[in-house]
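Here is a friendly walk through one protein model. Have a look at the sequence and the structure first, and then read on.

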Amino acid sequence: MAAVQLGQYPAPGHVVAHLSDPHLLAQGVLQYGVIDTEAGLRLALTRLSRLDFPPQALVFTGDLADKAEPAAYARLREIVEPAAAAIGAEVVWVMGNHDERAAYARGLFDLDDDTPQDRVHDVAGLRIVSLDTSVPGYHHGDLTDDQLGWLADVLATPAPHGTLLALHHPPIPIPMMPAADVIELLGQHRLAEVLAGTDVRGILGGHLHYSTYSTFAGIPVSVASATCYTSDPAPVDRFVSGVDGHQAVTMVHVYADRVVHTIVPLAPAPEVSGFPAEVRAQVEALTPEQRRDLLSRKDSPLYTGEVDVPGTA
Ligand SMILES: [Fe+2]
Ligand SMILES: [Fe+2]
């Protein structure tokens, strides 16, 4: 992260990109005849590849393949793995209700396995647990006693920098889309009992196709928007409304004592103000007092137009 600390907080210890619900289809097929799911995924990866401080992990919280087609999982790997390698990021896959365990295991891990797809990743001392909340044949979520026992065993030993729990069905209320209540994670109190007192510092979820935040058992929960289409959280006269817009990913910055989530919309928008990248080095070269004079004073020549900043109009 930044060599020079500009504010009160040091750089975060870990940077994670949280993507969700790519719903990839076999090549050339549009979702609902409209959504190019591959284009949305590529746009997300392109944006992530251009970050000044790249993510160490790309976490995909489920619904990876819309119809669990082997060709879609193959396509997913073809697209994501080279991009992740170029970024220098580990990939964390998570099962969603649109995924099928056997196809997911074969397509992404080269395994013949139709049991729950739960895995543990170590990202430079930050543990990321991928927990499979899917129920074969259904869209709602659940966890078996075996899975909860496995999770308790994993969490019995704290990780050096704590744990992020990644799952598809977020264990939170869904006030802006009551229809999704019917396909929520069942028996959430059982998961809460397992998480109590552990080193889980954040829960990353998907499934809802819009960004929302809450807590669960005292742990912050962040739900990332989808890269394919968005569920409009405030539709007019519609029980549910999926729209082609507002796609986003969420950046997750893990600090020693907290986690910060930042939504990154995928669609480009026209710039109306700003400074070129070179200004960063110039600002870093100043003393804290000089920086405050330049960037905080309302009568700074930067804001009164008395100096020309290269690259700005
Ligand atoms: Fe989804
Ligand atoms: Fe889902």
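## Salt bridges

R297 has a relative accessible area of 42%, so it is partly exposed; buried means under 20%, exposed over 50% and partly exposed in between, using a 1.4 Å probe and protein chains only. Its salt-bridge partner is D299, with the closest N and O atoms 2.9 Å apart. D299 is also partly exposed, because its relative accessibility is 47%. A salt bridge here is a side-chain nitrogen of Lys or Arg within 4 Å of a carboxyl oxygen of Asp or Glu, and the structure holds 16 of them.

R77 and D110 form another salt bridge, at 3.2 Å from N to O. This pair brings together distant parts of the chain, with R77 in helix α2 and D110 33 residues away in the loop between α3 and β4 (119-123). Within helix α6 (residues 278-284), R280 and E284 lie four residues apart, about one turn of the helix, and their side chains meet in a salt bridge of 3.2 Å, N to O. R280 counts as partly exposed because its relative accessibility is 36%.

## About the model

This is a predicted model, in which local features need pLDDT of at least 70 and side-chain atom pairs count only at pLDDT 80 or more, while totals for chains, interfaces and linings use all residues. Residues are numbered from 1 along each chain as its sequence is written, chains are lettered from A and ligands numbered from 1 in the order in which they are written, and side-chain values use heavy atoms, with hydrogens and water left out. Helices (H or I, at least four residues) and strands (E, at least two) are DSSP runs, numbered from the N terminus.

Which residues hold the iron ion (ligand 1)? The protein donors are D21 (OD), H23 (NE2), D63 (OD) and H209 (NE2), at 2.1 to 2.2 Å. Donors are N, O and S atoms within 2.8 Å of the metal (3.2 Å for Na, K and Ca); water is not among the atoms, so sites may look incomplete. Along the sequence, these donor residues follow the spacing D-x1-H-x39-D-x145-H. H23 sits in the loop between β1 and α1, and D63 in the loop between β2 and α2, 40 residues apart. H23 counts as buried because its relative accessibility is 1%, and D63 counts as buried because its value is 2%.

The iron ion (ligand 2) is coordinated by D63 (OD), N97 (OD1), H168 (NE2) and H207 (ND1), at 2.1 to 2.3 Å. D63 coordinates both iron ions, which are 3.4 Å apart. N97 and H168 are both buried.

## Nonpolar cores

The largest nonpolar core has 32 residues, and L58, F60, V80 and W93 have the most contacts inside it. Such a core is a set of buried Ala, Val, Leu, Ile, Met, Phe, Trp, Tyr and Cys residues joined through side-chain atoms within 4.5 Å. Elements giving two or more residues to this core include β1 (14-19), α1 (37-49) and β12 (248-254), and α2 gives the most, with eight residues.

L58 touches several residues beyond four places away in sequence, among them A17, L45, V80 and V92; contact means heavy atoms within 4.5 Å. Apart from this core lies another one of 25 residues, including V129, L151, V154 and L191.
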